[in-house]
Amino acid sequence: MKAWQWLVALFALLARSLRRRGRRRGDSGESGDGGSGRRERIVAAGTPERHAENVVLVLLAIATLFAFGFVVVYAEFSPAGLPNELLGICLGMSLLFIGAALTVVAKRLVVTEELEEDYPQEHPEQQAEVAEIIHESGSRITRKRLLLGAGAATGGALGLAALTPALSLGPVWDTGPLDRTPWRRGTRVVDENGQPISAASIDQRSFYTGFPEGADPENIGSPLVIVRLDPAKLELPAGRGDWAPDGILAFSKICTHAGCAIGLYRKPTFPVLEPNNALVCPCHYSTFDPYTGGTVIYGPAGRPLPQLPLEIDAAGDLRAAGNFSARVGPGWWAVREQPT
Amino acid sequence: VSEPLVEPVRFIDERTASAPLMRKFLRYLFPDHWSFLLGEVALYAFMVLIATGIYLALFYDPSTAKTIYHGSYTPLDGQMMSGAYKSVLELSLNDKAGLLMRQTHHWSADVFMVAIVLHLMRVFFTGAFRKPRELTWVVGLTLLFTALLEGYLGYSLVDDLLSGIGLAIGYGVGLSIPVIGGPLTLAIFGAPFPGKAVFFSRMYIAHVFLIPVLLATLIGVHLILIMARHHTQFRESRRTTDKRIVGVPLFPGQAPRSLALMFFVAGVLFLLGGLVQINPIWQWGPFEPWQATNGAQPDWYLGWLIGALRLMPSFDVTIGHFTLVPNPFWGGVVFPLFVVGVLGAFPWIERRFTKDRGVHNLADRPRDAPTRTAFGVAFLTWVFLVFVFGSADRIFVLFGLSYDTQLYIFRIGMWVVPVLLFFITRRICRDLLAAEVADATREQAEAEARGHPAVPA
C-alpha cells in the first residue's frame with residue numbers, strides 16, 4: 001500500500017499547487033477573460049470542489065488496485081492455464097479508471113475556459129522578402145539556367161546511382177525464374193509425403209495434390225491439382241488428345257488470377273449452364289473447367305489454368321509427359337510465352 | 001506563483017529561450033465538438049500499436065526455415081512449419097501476456113483504421129480540407145494508405161494459412177503492374193512466390209522500422225500543419241467566424257480531456273485484446289503455397305480491395321503474345337489509386353467548380369454544401385458496395401443468396417445506387433436549407449407580429 005499512499009500524496013500536492021496558482025501579472029495577448037478591469041490572473045478563478053477531488057482519489061485508487069492486480073495475475077498463474085482474459089481486464093480496467101479520473105478532473109477540477117483569439121494570418125510582407133532574399137542572392141550568377149540545369153542533371157545522375165544498388169534485391173533483369181517449372185517428360189508425380197501416386201488411386205469423386213519428384217514443393221511451378229473425369233465427356237483443345245490417360249488430368253494448382261491455390265473442386269451450381277464439376281480458387285472465386293482443359297468459366301481470371309500432360313508408367317504411377325501447356329501463376333508481361 | 005514551478009520553467013527558458021513558445025502552446029485553443037476527437041482516437045491507437053508492437057518484436061522470429069512443431073498446442077504436433085509461425089504460436093500460447101499483447105496489437109490496428117476513416121469522413125463532409133488545410137488533408141490521406149500497407153505487412157508476417165493467402169494475392173497484384181510488374185515483384189520477393197528466405201526479413205524491417213518511422217513522421221507533419229493554421233470550428237455562436245477562433249485552451253482545459261480519451265482508448269483496446277478473440281492463428285495452421293481455404297476474409301480495411309478483385313470480369317489486356325494489363329491490376333492497383341487520387345485532388349476539384357479561393361476556418365454542416373455532400377455520399381457508397389462484395393461468400397453462408405446472383409447485383413448496383421444516392425442526398429440537403437430559411441422567416445414574422453424587434457436566429 002506504500003505506492004498507493006505516495007500516489008495520493010503526489011496528487012494532493014499537485015492539486016494544491018494548481019489551486020495556489022494565482023496573483024499573476026496581467027497579460028496583454030489574451031482577451032475574453034472576464035474583462036472586469038481586474039486582470040491579475042491568466043487562468044480564470046474557480047471554486048474548490050472537495051467532493052470531486054474525493055471522487056478522483058477513489059477512481060485512482062481503483063485504477064491502482066487493478067494495476068497491482070495485473071502484476072498478481074501475471075505472477076500467480078501458470079502458462080498452461082494462462083488467464084489472458086484476466087490480464088486484459090486488469091490492464092484495461094486500470095486504464096479506464098484513470099480515464100474516468102481524468103474526466104472528473106476535466107469536468108469538475110480544472111477551470112473550464114472558453115477563450116477566443118485571431119486565426120493565424122498570412123504574411124504578405126515576409127512572403128515578398130523571402131522571394132527577394134532568394135532572388136538577390138543570385139545576383140553574381142549570369143548563366144542561371146545553365147547552372148541550374150547542370151545541377152539538376154548531376155542530382156539526377158547521383159540519384160540514379162544511389163538507387164542502382166536496389167537492383168541487387170532480386171533477379172531484376174532475369175525473369176527466367178518466372179518461366180521455369182520443375183516438370184520434364186518422365187518426372188514422377190508424388191504426393192505431399194514424397195510417395196508416387198498411382199493412377200488407380202485417383203477417384204472420380206475427389207481431387208488430389210501432386211508434386212514433381214525431387215523438386216522443391218514450394219516452387220509455384222510445382223504443385224498440381226489432379227482429377228479423374230469421364231473420358232467420353234472430355235473436350236480438350238486440339239493437340240492434347242493424349243494428355244489425359246484414363247481420364248486423369250493434371251493442372252497447375254496455382255490460380256492464374258492472383259496466385260492462390262486452387263483449393264476447391266465443386267459440383268455444378270447451376271447445371272443448365274455449367275453441367276460439370278469445376279476447379280475453384282477460394283480467394284476471388286475464379287472457376288476453371290477441367291473438361292475443356294482449364295478454361296475460365298467464371299470469376300476474374302484472365303487465362304486458362306495451365307494443363308500438364310500425363311502418362312502412366314509401367315508400375316501404374318503417374319508421370320509428366322512434358323511441361324505445362326502455358327506458364328504458371330498470376331499474369332505478367334510475358335506470362336503467355338511457353339514455359340521452360 | 002509558487003516557487004517550485006518557477007524554477008524549472010526558468011531553467012528551461014534560460015537554456016532554450018522557449019518560454020514564449022511554451023506559453024503559446026499551453027494556451028493553444030481547441031474548438032469544442034465531439035467529432036474532433038476521431039483523429040485523436042487514431043493517434044492514441046497508434047501509441048498502443050507502438051507499445052504492443054515493441055513487445056511483440058522481442059519474441060518474433062522472421063525465419064522461413066522449416067521446423068517440426070512439438071509445442072504445447074497438440075493439434076499441430078508434428079506439423080512442419082516456418083520459424084516465423086512457430087514463434088507467433090509460442091508467443092500466443094506459451095509466453096505470459098503474449099496473447100494479450102498480440103490481440104491488443106491486432107485490435108489496435110483495426111481501430112486505428114476505423115478512426116482514420118471516420119476522421120476522413122468528418123473532415124470531408126465539413127469541408128475542413130479547404131484552403132488553408134489542403135496539405136493537412138493530403139498528408140492525412142498518405143497516412144491512411146501507409147497505415148493500410150503497414151497492417152497488411154503485419155498480418156503477413158505471422159505466416160499462418162491466411163497470411164500466406166494474403167501474400168500470394170499481393171504477389172499476384174505486384175506481378176500485374178503493366179510491363180515492369182514481373183521484374184519489380186521479383187526484386188521485392190527475391191524469387192517467384194513465396195520468395196527467398198530474406199523476403200521475410202525485408203517485410204519485418206519494413207513493418208517494425210521503415211513504415212512506423214514514416215507513419216510517425218507523417219503524424220508529426222499532420223499535427224504541425226494543424227497547429228500552424230489551428231482547427232476549424234462550427235458556427236456555434238456569433239463569436240465564431242472565419243477570423244476568430246473560440247475554444248478551450250490546451251492547458252488546463254483540454255489536456256485532462258484528451259488524456260482521459262487516451263486512457264479510454266487504451267483501456268478499451270486492452271479489454272478487447274483480453275476478452276475478444278481476434279485472428280486465432282493456431283486454428284489456421286501453417287501456410288504452404290499449394291494450400292488455400294474457403295471463406296477467407298482479410299482484415300476489414302483490405303475488404304474493398306478483395307471486393308474489387310472479385311468483381312472484375314474475366315479478361316487480360318493483351319498485345320499479341322504479351323500481357324499488357326493482367327486482371328488483378330484493375331482491382332488491386334487502379335481502383336485504390338483512383339480512390340486516393342479523387343480524394344487527394346478533391347480540394348482542387350471542388351475549387352474548380354466553386355471558384356472559391358477564400359480561406360475557410362468555419363466548418364460547413366453537411367447540408368451547407370449539398371453537391372459536395374451528395375458527391376461524398378455517392379463516392380463512399382461506391383467504395384462501400386465494393387467492400388461489401390468482398391464478403392459475398394460470407395453473405396452467401398449467412399443469407400443463402402448465391403454468390404453468382406450477388407456478383408450481378410453488385411456489378412450493376414455499384415453504379416446505380418451511388419447515382420441515386422447523389423440526387424437523393426442533394427435533395428435532402430437543399431430541403432433542409434430551405435426549411436431553415438422558412439423557419440427563420442416565420443420566426444421573424446411572428447416576432448414582428450408580437451411587436452418585438454426581429455431576433456436573428
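**Exercise 1. Which side chains meet in a salt bridge with A:Arg336 and B:Asp316 as the pair, and where do they sit?**

Step 1. The side chains of A:Arg336 and B:Asp316 form a salt bridge at 3.2 Å, N to O. The term stands for a side-chain nitrogen of Lys or Arg within 4 Å of a carboxyl oxygen of Asp or Glu.

Step 2. This pair crosses between chains: A:Arg336 belongs to the segment after strand E12 (318–320) of chain A, and B:Asp316 to the loop between helix H12 (303–311) and strand E5 (317–319) of chain B. Helices (H or I, at least four residues) and strands (E, at least two) are DSSP runs, numbered from the N terminus.

Step 3. Now check the cover. A:Arg336 has 22% relative accessibility and counts as partly exposed, while B:Asp316 has 14% and counts as buried. Buried means under 20% relative accessible area, exposed over 50%, and partly exposed in between (1.4 Å probe, protein chains only).

A word on the model: it is predicted, so local features need pLDDT of at least 70 and side-chain atom pairs pLDDT 80 or more, while totals for chains, interfaces and linings use all residues. Residues are numbered from 1 along each chain as written, chains are lettered from A and ligands numbered from 1 in written order, and side-chain values use heavy atoms, without hydrogens and water.

**Exercise 2. Describe two salt bridges in chain B, B:Glu350 with B:Arg372 and B:Asp431 with B:Arg427.**

Step 1. B:Glu350 and B:Arg372 meet at 2.6 Å, N to O. B:Glu350 is in helix H13 (residues 328–354) and B:Arg372 in helix H14 (residues 370–389), so the pair ties together parts 22 residues apart in sequence. Both residues are buried.

Step 2. B:Asp431 and B:Arg427 meet at 3.1 Å, N to O. They are four residues apart in helix H16 (residues 403–449) of chain B, which means about one helical turn separates them. B:Asp431 is partly exposed at 41%, and B:Arg427 is partly exposed at 48%.

Step 3. Elsewhere, salt bridges that share partners join A:Glu114, A:Glu116, A:Asp118, B:Arg239 and B:Arg244 into one network. Over all chains, the count is 30 salt bridges.

**Exercise 3. Is helix H8 (residues 181–189) of chain B mostly covered or mostly open?**

Step 1. Helix H8 of chain B is mostly covered, with seven of its nine residues buried. Among them are B:Pro183, B:Leu186 and B:Phe189.

Step 2. The cover includes helix H6 (176–179) of chain A, together with helices H7 (161–175) and H9 (198–229) of chain B.

Step 3. Just after this helix, B:Gly190 takes a positive phi of about 85 degrees.

Terms used: Contact means heavy atoms within 4.5 Å.
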